[in-house]
Amino acid sequence: MIDRYTRPRMAHIWSQEAMYAAWLRVEIAVAEAWSEAGRVPSDALPAIRGARIHAARVEQIERETRHDINAFLKHLAETVGPDARWIHLGLTSSDVKDTGLALQLKASLDVIEADLVELCDAVRDVAIRHRETVMAGRTHNVHAEPITFGFKALGWYEELGRGLRRLQAVREEVCVAKISGAVGTHANVGPEIEERVAAVLGLGVEPVSTQVVSRDRHAAYVLALALLTSTLDKMATELRNLQHTEILEVEEPFRSGQQGSSAMPHKRNPILSERVSGLARVMRGYTVPALENVVLWHERDMSNSSEERIVLPGASALADFMLTEMTAIVSDMRVNAQRMRENLERTSGLIFSEKVLTALIDAGLSRQVAYGIVQSAAMRAWESGQSFRGLLQSDTRVTGRLSDIDLDAAFDMTPFLAHIDTAYRRAGIDGGGAPGCGPR
């Protein structure tokens, strides 16, 4: 991922230096396990533990060997000395690379999950603050019935919570060690060594490996990030729509000194939300190679290797960047409650059409007749701007039943919002709630 969309902490996790450091952790853990088993002399461990990796030297050697692990091992021999003979005992390249990759993915998940909890907290605050901020609910871009902006944010909060729980499940899938040797049979390195190494590194164990850790695990990681960032895209798209000049119910942050257009000084464009939406498309694009990598020839080939050097760091960096960006948007966006109320009232009461329909049905009319009466008045109100309630009251089919219906009740906002508290309770935000992404 380019520097523009990579935060320093994620750049470090996926740097060449960090990758070599992860490989070294694996090699040291294996040597220690062999030493406990009595095969590697204990007096060799200080030199092995003291190994130092210089990325530039590894890459210099690789230009000759054209094999990254062999270049890494050759450099270790330079820094460790004769005791390097005990390094990589019984292993194949993928033991080191896939287990090291699991350590990088684990570190990435630590960052991404922390980002997500921070975003959840910001969205939760919006849901609480705007619990009673009434606005138009829209379907097909058209006013439907009233909701509150807090209720809208509450839906985001719940969806982000599902994203967090998916990441927690994926952590168990993708953070696994593979120390089973060539084609995974443990012929040259026993399963007890693998289990000891996994425990030391804080990883699970791949129960049945081939020469590599199965790539469905890594695909699950990318798919979980694609789902999560699609939620961010959903939020960003909604905020972009609400920032339409004609709507202007929400505006994303516009900083002092910021400029919206090179030609039109009045512009305040939703560039942050647009950036989130654009990057979500890149993230969804990563899912295709991740899924393709599940299919390898026999016990392994290397067709997955090149894509993973792009996809896994790229997906991790984008998730970190997008979550941080969305948190900044949500924390500092401007919510125009007055504009929400004004827009809600622009349709002259049409938002109450279902309430009137059910009142007429309760008064004894068939649904078809009642629907025709209400739709006729609604279309006239839509086209003329007249009061929907006034048009109903001038219809003799309605006035003849006024003793049976309560128009005041039909045009009351309260019933629309009466059960929003249920949603807050179900989301774990009852009376303020606790930080995080909903009930665990």
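View 1. The structure holds 26 salt bridges, each one a side-chain nitrogen of Lys or Arg within 4 Å of a carboxyl oxygen of Asp or Glu. This is a predicted model, in which local features need pLDDT of at least 70 and side-chain atom pairs count only at pLDDT 80 or more, while totals for chains, interfaces and linings use all residues. Residues are numbered from 1 along each chain as its sequence is written, and side-chain values use heavy atoms, with hydrogens and water left out.

Start with Arg49 and Glu32, whose side chains meet in a salt bridge at 2.8 Å, N to O. Arg49 sits in helix H3 (residues 45-49) and Glu32 in helix H2 (residues 16-36), so to speak distant parts of the chain, 17 residues apart. Helices here are DSSP runs (H or I, at least four residues; strands are E, at least two), numbered from the N terminus. Glu32 counts as buried at 16% relative accessibility, whereas Arg49 is partly exposed at 44%. For those words, buried means under 20% relative accessible area, exposed over 50%, and partly exposed in between (1.4 Å probe, protein chains only).

Glu32 also forms a salt bridge with Arg196, with 3.7 Å between the closest N and O atoms. That pair links helix H2 to helix H8 (residues 191-201), 164 residues apart. Arg196 counts as partly exposed, at 23% relative accessibility.

**View 2. Asp408 meets Arg389.** What is the N to O distance in this salt bridge? For Asp408 and Arg389 the value is 2.6 Å. Asp408 lies in helix H17 (residues 407-410) and Arg389 in helix H15 (residues 388-393), so the pair ties together parts 19 residues apart in sequence. Asp408 counts as exposed at 52% relative accessibility, and Arg389 as partly exposed at 24%.

**View 3. Tyr20 beside Phe72.** The count of aromatic pairs comes to eight. Rings of Phe, Tyr and Trp (its six-membered ring) pair if their centres lie within 6.5 Å; planes under 30 degrees apart count as stacked, over 60 as edge-to-face, and the rest as tilted. Tyr20 and Phe72 have ring centres 6.3 Å apart and planes at 20°, so this pair is stacked. With Tyr20 in helix H2 and Phe72 in helix H5 (residues 68-80), the pair ties together parts 52 residues apart in sequence. Tyr20 and Phe72 are both buried.

View 4. Phe352 and Phe416 make a tilted pair, because their centres are 5.8 Å apart and their planes at 50°. Phe352 is in the loop between helix H12 (337-345) and helix H13 (353-362), and Phe416 is in helix H18 (residues 414-417), 64 residues apart. Are these two residues buried or exposed? Both Phe352 and Phe416 are buried. Ring pairs also bring in Phe388 and Phe411, giving a cluster with Phe352 and Phe416.

**View 5. Arginines over rings.** A charge sits over a ring if NZ of Lys or CZ of Arg is within 6 Å of the ring centre and within 35 degrees of the ring normal. Arg85 lies over the face of Trp86, 4.2 Å from the ring centre. Likewise, the charged end of Arg131 sits over the ring of Tyr424, at 4.1 Å from its centre.
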